[in-house]
Amino acid sequence: MNIINKIMKLYLYNTLTRRKEEFIPINPEETGLYTCGPTVYNYAHIGNLRTYIFEDILKRVLRYNGFRVRHVMNITDVGHLTGDRDMGEDKLEKGAAREGKSAWEIAEYYTQAFKKDMKALNLLEPDIWCRATDTIPEQIELIRILEEKGYTYRTADGIYFDTGKFPDYTKLSHQNLDALQEGARVEKNPEKRNATDFALWKFSPPDVQRQMEWDSPWGRGFPGWHIECSAMSMKFLGERLDIHCGGTDHINVHHTNEIAQSEAASGKQFFRFWMHGAFLNIEGGKKMAKSAGNFLTLENTLIAKGFDPLSYRFAAFQTHYRNPMEYTSESMQAAQNGLLHLKNRLRSIRESADMTSGSICADFQQKFLAEINDDLNMPRAMALVQEMLKSDLSPADKNATVLDFDRVLGLNLDKGDAAESIPPQVQELARARQKARKEKNWAESDRLRDAIRELGYMVRDTKEGMKIDTIG
Ligand code: AMP
Ligand code: ZN
């Protein structure tokens, strides 16, 4: 691998510079990767999970290129409010009221649920998990530095960051601030100096007893949402501030604010690469929301319907991470069929010859690397997998090469799948064909054979009975 990596550069799209750039880590020994984690007041929906799949691919691609990665993911268990721009309720306290549990219990429950989803999707665990509530002193210290440097001011409900004092405030988002100020006339907080100012510390309300609150130099309260990611990335990555990721919704507010407060405090550039995954939309571009009854989780959308959760991972590979992806039940069915077809194809390959002497094909490995190193082009990488399987490589070499690719794909392609993994749709058609043959209805039997073919399978009538293989 290492010989190849010296020639093949890794290019990633950087939201900050708005172009693909060669990735070179600050510290050659170790690459620092920070991915904004879940707000644990509810299950993750499959939109959230699309972003985590993109981040997992990024991490695997970095590793495949030979970089050692130190991956930090936070758990947001306090301070993320329901409204934009520091308005509304704390999502955790709201979740607790909804379920009649404590905010701490809610956080623990949904953290575990998230970890279960990660496992089901074969997402590699971060090296460091960190909870916002475990780093309150670090967050207070960062706010204290900002105060000392004159970037903060006090209002009735908290300590705010004055974005007017940070000239590069829009360098990530390229937003038009005048338009924002205009839109903010309806803003409910007249004490804010600029529409974009954000809370670093919020005071506990005088009339409601919060479950999560701490003493601070400014009064009892809780941190604003953005400060946690700055404090935790600095604490756990030190100088290795290489890549910071999240969904595109984080560009305008969360990541923009993280950059402003971190760079104002340290006087140095915060992360060098900012990468964002595009949204998963549901049919017709609608936004997923629990209130709209279209809150799709891994459990209710896939597992309960008998889908292998990895088929969602497979589905995510069909669209480049920077393009919006549309969820439909048909596209999920197609992904499930695609994954099963791939696994069946590998089963046929493995049954056809001795696998012990296989070696990775260097030519295909180069081509694969070229695709993934071009800003994680998974659709093209997946097409290459098919091309490799159709090539004239020996079965043993195909097997060795696909297992090498699976270090990035993470589809568990090493697991020998039984014949039951033939899609139920194909099995049903095959059974109907057998019946038609018994009844000597040859026209119907031929029609069914063609229908099976269209799904990428072939039926063979052997002495031991009917066999189903993949085509191609
Ligand atoms: P949250 O738990 O709300 O903090 O979000 C977790 C991650 O999911 C963040 O990186 C968001 O940017 C991302 N995200 C939220 N909604 C979607 C969506 N519909 N599609 C893709 N990513 C999303
Ligand atoms: Zn964050």
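Guide: Let's begin in the loop between α12 (362-372) and α13 (378-390), where Leu376 is found. Keep in mind that this is a predicted model.

Visitor: What is the phi of Leu376 near?

Guide: The general idea comes first: most residues other than glycine have a negative phi. Here, Leu376 has a positive phi, near 55 degrees, although the residue is not glycine. Asn122 is another non-glycine residue with a positive phi, in this case near 60 degrees. Look for Asn122 in the loop between α4 (103-120) and β5 (128-131).

Visitor: Okay, on to charges. How many salt bridges does the structure hold?

Guide: In general, side chains of opposite charge can pair when their charged atoms come close. This structure holds 28 salt bridges. One of them joins Glu30 and Arg68, whose closest N and O atoms are 3.1 Å apart.

Visitor: Why does that pair tie together parts that are apart in sequence?

Guide: Because Glu30 sits in the loop between β2 (19-22) and β3 (31-35), while Arg68 sits in the loop between α2 (46-64) and β4 (69-75), the pair ties together parts that are 38 residues apart in sequence.

Visitor: Let's zoom out. Which domains does the assignment give?

Guide: The domain assignment gives domain 1 (26-277), domain 2 (281-415) and domain 3 (424-470). The C-alpha centres of domain 2 and domain 3 are 26 Å apart, and their contact takes 8 residues from domain 2 and 7 residues from domain 3.

Visitor: What is the area buried between domain 2 and domain 3?

Guide: About 490 Å², with carbon and sulfur atoms giving 40% of it. On the side of domain 2 that touches domain 3, the residues divide into 1 nonpolar, 5 polar and 2 charged. Across this interface there are 3 residue pairs in polar contact, and the count of salt bridges between domain 2 and domain 3 is 0.

Definitions and conventions
Residues numbered from 1 in each chain as written. Chains lettered and ligands numbered in written order. Predicted model: local features only at pLDDT ≥ 70, side-chain atom pairs only at ≥ 80, totals over all residues. Heavy atoms only, no water. Domains from an automatic or database assignment. Contact = heavy atoms within 4.5 Å. Buried area = accessible area lost by both parts, 1.4 Å probe. Salt bridge = Lys/Arg side-chain N within 4 Å of Asp/Glu carboxyl O. Polar contact = N/O pair within 3.5 Å; in protein donor to acceptor, adjacent residues only side chain to side chain. Nonpolar A, V, L, I, M, F, W, Y, C, P; charged D, E, K, R; others polar. Helix = DSSP H or I, 4+ residues; strand = E, 2+ residues; numbered from the N terminus.
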